[in-house]
Amino acid sequence: MDRLYEQIVAAPGGRVSYADYMRMALYDERFGYYMRKRARIGKEGDFFTNSSFAPVFGKALASLWVRMVEQSGLPPAVCEWGGGDGRLALSILEEWKKKSPHTYDRLSYTIIDQSPFHRRRQRETLQPAAEKVEQYDDVSRWLAERGPFSGIVFSNEFFDAFPVHVIVKEGGVLHECFVAARDGRLVEEKAPLCRPAIVRYLQERGLDLAEGQRLEVPLAMKAFWLEVGTLFHQAVMVTIDYGYTDEQLRAPARRHGSLRGYFRHRLVADPLRHPGEMDLTSHVQWDALRLYARQAGWEEVAFIRQDRFLLAAGLLHEWNVSEGGDFFSPASRQNRMIRALIADDGVSRFFDVLILQKGMSLAARDFWPAPEFLPAD
């Protein structure tokens, strides 16, 4: 807190944008949340995510991707953006090897993760498949070294951690919100909006805020897509995250914005609490992501809620009908994970899946093990 406070004090006017604050609190090499040597996922961390269900989640992904590779001629290459502790990657690799040994022999698996702690944990977790895996700390550097990529790009809760600016409409006037250092505390201050990039974003997205509405502006996500989105040859991208569409954005419940923190499995409404010690996240604006993906040359294949995506990917094929009466048996544990992922009140109700393609001509129903779960065209 002291080091971050000193950086903000030294900024012009003693304040920074929310985007700059997030970069400091999450990614600063000395005190950023993602740079620290501590667990973030699971019981010992601050939140659970899909990788907490890695044994079954990875099987469903591997099943779908093997079919893509075998039926479309897509190269057996995967790049995962934000690999966490590596458990999901290990599950995918183990299942891929069982389902398609001949493509596994040619498979390469790249993980890009900015966190040194995560990269070390990944090396430990993925030791059984070390020959298949390479690591990078930055997407741009990976593409610069490897050149245009062909294969499957996968991310799970990647874009929700991108820094965002924050604006609000008060008295009919748009203001940008800032994080200021005042009297030993971090506080929010507002000033009339004068950042041209935010004005352009609102214009090209056709967004008009209601009185009192607060909105995150994902300029970093836009810049990311326009920078790296063009550097792919033949690829399918599977993006899993929580977010909302423009239609959902208009709902009264969304008018207070979505920038939040997660600290020891508790949602923290004030993003200025526990700086450097808690995760900061905002909901992905799906229609913005789609817009900038199109501008970068990508085409949408499917947009679907995660539970239906997993059912269409064949997750129920992993259901063990002979789990027996032992609650702690591997079969029972696996079935409980499947229930948690596909139940109406399970974790998947918070997540959507966007599938994009570039240089390919895939139809959504061509490679799904259970296409009856896909929405109608």
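Author: Start with strand β7, residues 173-182. Seven of its ten residues are buried, so the rest of the structure largely encloses β7. Keep in mind that this is a predicted model.

Now the strand partners. Strand β1, residues 15-17, runs antiparallel to β7, and three bridges join them. Here Arg15 stands opposite Ala180 of β7.

Strand β6, residues 165-170, is also antiparallel to β7, with four bridges between them. In this pairing, Val168 faces His175 of β7 as its opposite number. β6 and β7 make a hairpin, and two residues separate the strands. Gly171 sits in that turn, with a positive phi of about 60 degrees.

Strand β8, residues 185-192, pairs with β7 over eight bridges, again in the antiparallel sense. Ala181 stands opposite Leu186 of β8. These two strands form a hairpin as well, with two residues between them. In its turn, Asp183 has a positive phi of about 55 degrees.

Glu176 meets Arg195 in a salt bridge, at 3.1 Å from N to O. Glu176 belongs to β7, while Arg195 lies in the loop between β8 and α8 (196-205), so the pair ties together parts that are 19 residues apart in sequence. Glu176 counts as buried because its relative accessibility is 3%. Arg195 has a relative accessible area of 28%, so it is partly exposed.

Glu188 forms a salt bridge with Lys190, and their closest N and O atoms are 3.6 Å apart. Glu188 is partly exposed, with a relative accessible area of 28%. Lys190 is also partly exposed, at 38%.

Next, helix α11, residues 286-295. Arg290 and Asp287 both lie there, three residues apart, about one turn of the helix. They form a salt bridge, and the closest N and O atoms are 3.0 Å apart. Arg290 counts as buried, at 15% relative accessibility. The charged end of Arg290 also sits over the ring of Phe303, 4.3 Å from its centre. Back to the charges around Glu188: salt bridges that share partners join Glu170, Glu188, Lys190 and Arg214 into one network. The count for the structure comes to 19 salt bridges.

Lys132 makes a ring contact of this kind as well. Its charged end sits over the ring of Tyr104, 4.8 Å from the centre.

Last, the aromatic rings. A search of the whole structure finds 24 aromatic pairs. One of them is Tyr18 with Tyr21, which is edge-to-face: 6.4 Å centre to centre, with 90 degrees between the planes. Both tyrosines lie in helix α2, residues 18-27, three residues apart, about one turn of the helix.

Trp142 and Phe232 form a tilted pair, 6.3 Å centre to centre and 55 degrees between the planes. Trp142 lies in helix α7 (residues 139-146) and Phe232 in strand β10 (residues 232-241), so this pair ties together parts that are 90 residues apart in sequence. Trp142 counts as buried, at 0% relative accessibility. Phe232 counts as buried at 5%. Both belong to a cluster linked by ring pairs, and its members include Trp81, Phe149, Phe158 and Trp298.

Conventions: Residues numbered from 1 in each chain as written. Predicted model: local features only at pLDDT ≥ 70, side-chain atom pairs only at ≥ 80, totals over all residues. Heavy atoms only, no water. Buried < 20%, exposed > 50% of the residue type's maximum accessible area, 1.4 Å probe, protein only. Pairing = 2+ DSSP bridges. Phe/Tyr/Trp six-rings, centres within 6.5 Å; stacked < 30°, edge-to-face > 60°. Lys NZ or Arg CZ within 6 Å of the ring centre and 35° of its normal. Salt bridge = Lys/Arg side-chain N within 4 Å of Asp/Glu carboxyl O.
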